[in-house]
Amino acid sequence: PLTTAVAALVLPSVFRPGADGTPQLDRTIATSAEVVSTEPFTVSYELNLEASWSTNTPIAAEDFVYLWEQMRADAGAVDAAGYRMITDVRSRAGGK
């Protein structure tokens, strides 16, 4: 629980548990998340232009690339199976 709480503070997450426990889009981070293809399965996220870290550094696609790479590389990462299924992360529009 402690690791999960700390991770929630320092790692970008587009979805947060809603009141009923189902994942809800966190609009402070992303304005949309849309499946754009099923072959291959592709999801497009549009980051909120106002999203920033506590240091006022903008949150960008590179933050999610870093998270993806770390989750795939760390053998002890919790809930990493989904990250291992991702084959590519691309950014456009200045990382947003």
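Trainee: In what order do the elements of the protein chain run from the N terminus on?

Mentor: Reading a fold starts with listing helices and strands in order. In this predicted model, the elements run α-β-β-β-β-α-α. That gives 3 helices and 4 strands for the protein chain.

Trainee: How do I read burial, and what share of the residues is buried?

Mentor: Look at how much of each residue is left accessible; buried means under 20% relative accessible area. Here, buried residues make up 21% of the 96 residues in the chain.

Trainee: Which residues form the largest nonpolar core?

Mentor: There are 7 of them: Val14, Ile29, Ala30, Leu47, Ala51, Ile59 and Phe64. Take Ala30 as an example. Leaving out residues up to four places away in sequence, Ala30 touches Val14, Leu25, Glu46, Leu47 and Asn48.

Trainee: Let's follow Asn48, then. Where does Asn48 lie?

Mentor: In the loop between strand 4 (41-47) and helix 2 (61-73).

Trainee: And why does Asn48 count as buried?

Mentor: Compare its value with the cut-off. Asn48 has 15% relative accessibility, and buried means under 20%, so Asn48 counts as buried.

Trainee: What does the side chain of Asn48 reach?

Mentor: The backbone oxygen of Arg27, at 2.9 Å. Arg27 is also among the residues Asn48 touches, together with Thr28, Ile29, Ala30, Thr31 and Lys96, again not counting residues up to four places away in sequence.

Trainee: What about contacts between residues 24 or more positions apart?

Mentor: Such pairs account for 28% of the chain's contacts with a separation of 6 or more.

Definitions and conventions. Residues numbered from 1 in each chain as written. Predicted model: local features only at pLDDT ≥ 70, side-chain atom pairs only at ≥ 80, totals over all residues. Heavy atoms only, no water. Helix = DSSP H or I, 4+ residues; strand = E, 2+ residues; numbered from the N terminus. Buried < 20%, exposed > 50% of the residue type's maximum accessible area, 1.4 Å probe, protein only. Polar contact = N/O pair within 3.5 Å; in protein donor to acceptor, adjacent residues only side chain to side chain. Contact = heavy atoms within 4.5 Å. Core = buried A, V, L, I, M, F, W, Y, C linked by side-chain atoms within 4.5 Å.
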